[in-house]
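Hi there,

Here is the structure I promised to pass on to you. Have a look at it first, and then read my notes below.

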Amino acid sequence: MNADAKHSIKADIAHHVHPQSNLRQHAEKGPTMITHGKGVFIYDSEGREIIDGFSGLGCVSLGYHNERLADAAMGQMNTLPFAPTFYNRSHPRVAELGERLIGLAPGGMNRVMFQCSGSEANDTAIKLLWYTNTANGNPNRRKIIGRVRGYHGNTVATVSLSGQPHMHRKFGLPLPEFKHTELPNYYRFHIDGESEIEFSNRMAAHFEDLVLSEGPETVAAFFAEPAISGGGALMPPEGYWDAMQAVLRKYDIKFVADEVVCGFGRTGNLWGSQTWGLKPDMVSCAKALSAAFFPISALMFKDEMYADMMKNSDEVGVFGHGYTYAGHPVGAAVALEALDIYDEIDLVGHVRKVSETFLARCRALSDHPLVAEVRGVGLFCGLELMKDATKREPFDPSWKVGELVQNFAHDRGLYLRAIGDRMSFMPPLIIKEYEIEIAADRFKAALDDAWAVVRGRV
Ligand SMILES: Cc1ncc(COP(=O)(O)O)c(C=O)c1O
C-alpha cells in the first residue's frame, strides 16, 4: 500500500463518519478503500481485484467505466452545469428526460418529478399523497403502510416506512403514521403443508386485517419494492401480487412501486412491475437511472394526482416542495445517455440471456450444507443460510454466518452483501457469462471457507 493510500485511510478513520456502518469496527479496522474500477471489477488500496457482486449498492448497472457517460457529464458541465427547476424555470435535458421516462414507465404514468436519491423520491411520494389528499376530500388518509424488512430510504419519513428495526432503534422511529405488514418470505414463514398461493393469500389477509384495524379511510398508500432488496433479495411468492393488489383495489388505497433497485433491467424486464404484473399509482426510481454515475432519482405519477396538485397550487399560489438539485442538468444528461446505452446494447435482453447461467450457478449452491434456499430472477439472487434447512432452523445470530461468508468472499475477490444470514448477489447488469462463472466459483469457495469454520459447531 502506498503512502497516499495509507494517508487516506488514516484521514477516513479520523474524520469521516460512515453511513450504515459499524462505527467501532471502522475506528479499529478502518475502511476497505476502493481506488478505481473497470467493468465489473473494483480495485482496493491493497491492489486486490474484486468482482462487484453487489453493483455498488445495486446501482452500477453498466459497471465502473464508461466513456460515453463521462463525456455526457463533461459536455453538460461545459454547457450548463446547473439550472434550477424552481420558479417555472427549466432546461432542455430535464424536459427530454421527463418525456423519455414517461414513455418507458409502467402503468400509464403522465407526470414526473426529479430528486437526487431514492429516499428523496419516496419522501416526495409521501408528501404528494398527503398534499393531494387535502384536495380530493380525503385529508384523513395519512397512514402509509410498508412491509417488515422493506427498504425505502433514510429520511425521517422513508425510514419510518422501511421495516428495518436496526434503522428505527435509538432514533425514536418509526413515526406513528407508518405501519408495516408481513414479510412475504415463503420459505421461512410458511406453515407446514401450505402452498405458495395459500401463503400469499394469508399474507394478503394479514394486510387486509391491518387496513381494517387502522381504518381504510385513514390509509393513504401502500409502498413496496416489486422484489425486496435491502431486506435480503426476497422474490414475491406465487400469487402474492394478485392477492395484495385485490386488497388495495377493494379499499381504494394507492400503490407506490419502489423501483429503485428493480428498475432498468435488474429482474429481466425494464421494471419489476412488469415482471410481476404490478399496477402502481406511483413509481419511484433512482440508482440505474444514471447507471450510478450521477445522483438522480425520479417519481412518476398520474394526471389525476397532478390535477389535485394543481388545485392546491391554485389555492396556495405555489406548489411548495422541491430540492435545489432537482432535475440537475448533469444528472439529466447522464441519465439520457444511460437510457440510450441501455437501448443500444439491449441491456434487458442481455440480462435475460446471462441470467440463465447466473441463476443456474446460484441454484447449484442450494446443495451446499450452509444454504437452505436459493431464489432469484434476472440478475438478482438471494440465498438463505440456515443451520437446518428442513427444520428451517436459523443459525445463532451471534455466529454471524452471513458476515463470515461475505468476508471470505471478499478475500477470494468477490464482493457480496450479507443481510443477517441472507446473502444478496446482484452483479452489474453488463456482466458477461465467463465473469458469472468466476464469481460463482468464488461464492462457492467462500461458502466452503465459512463451512469449515461453522461445521464443528452444528
Ligand atoms: C428499494 C430501495 N428504495 C429506496 C432506497 C433509497 O435510495 P437512496 O439510498 O438513493 O436514498 C433504496 C436504497 O438502497 C432501495 O434499495
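**What I found**

Aspartate 252 is exposed, with a relative accessible area of 59%. Here, buried means under 20% relative accessible area, exposed means over 50%, and partly exposed is in between, using a 1.4 Å probe and protein chains only. This aspartate 252 sits in the loop between α11 (240-250) and β8 (254-258). Its phi is near 55°, a positive value in a residue other than glycine.

Before going on, two notes on the source. This is a predicted model, in which local features need pLDDT of at least 70 and side-chain atom pairs count only at pLDDT 80 or more, while totals for chains, interfaces and linings use all residues. Residues are numbered from 1 along each chain as its sequence is written, and side-chain values use heavy atoms, with hydrogens and water left out.

As for the names, helices (H or I, at least four residues) and strands (E, at least two) are DSSP runs, numbered from the N terminus.

**Backbone details**

Lysine 400 also has a positive phi, about 50°, although it is not a glycine. You will find lysine 400 in the loop between β12 (380-385) and α16 (401-411), and with a relative accessible area of 45% it is partly exposed. Which kind of peptide bond leads from leucine 173 to proline 174? That bond is cis, with omega near 5°. Proline 174 belongs to the loop between α8 (165-168) and β6 (178-181). For background, most residues other than glycine have a negative phi, and most peptide bonds are trans.

**Around the ligand**

Which residues surround the ligand? They are Ser117, Gly118, Ser119, Asn122, Tyr151, His152, Gly153, Glu225, Asp258, Val260, Val261 and Lys287, where a residue counts as near if one of its heavy atoms lies within 4 Å. This shell divides into three nonpolar, six polar and three charged residues. In that count, Ala, Val, Leu, Ile, Met, Phe, Trp, Tyr, Cys and Pro are nonpolar, Asp, Glu, Lys and Arg are charged, and the others, Gly among them, are polar. Helix α6 (residues 118-133) gives the largest share of the shell, three residues.

There are polar contacts here too (pairs of N or O atoms within 3.5 Å; within protein, one must be able to donate a hydrogen and the other to accept it, and residues adjacent in sequence count only if both atoms are side-chain atoms). An oxygen atom of the ligand is 2.8 Å from an N or O atom in the side chain of lysine 287. A nitrogen atom of the ligand is 3.4 Å from a polar backbone atom of tyrosine 151. On its own the ligand has 390 Å² of accessible area, and the protein covers 81% of this (areas come from the Shrake-Rupley method with a 1.4 Å probe; for residues, only the protein chains shown count as cover).

Helix α4 (residues 67-79) has 13 residues and reaches 18 Å from its first C-alpha to its last, close to the 18 Å expected at 1.5 Å a residue. The expected span is 1.5 Å times one less than the number of residues. Its buried residues are Leu69, Ala72, Ala73 and Gln76. Seen down the axis of α4, they fall within an arc of 95°, so they line one face of the helix; the arc is that of the directions from the helix axis to the C-beta atoms. The face turned away from the buried side of α4 carries the exposed residues Glu67, Asp71 and Asn78.

Helix α17 (residues 433-454) has 22 residues and reaches 31 Å, first C-alpha to last, close to the 32 Å expected at 1.5 Å a residue. Among the buried residues of α17 are Phe443, Leu447 and Trp451.

Glutamine 115 lies in strand β4 (residues 111-115) and, at 1% relative accessibility, counts as buried. A polar atom of its side chain lies 3.2 Å from the backbone oxygen of methionine 113. Leucine 62 is in the loop between α3 (55-58) and α4, and is buried with a relative accessible area of 4%.

Enjoy exploring!
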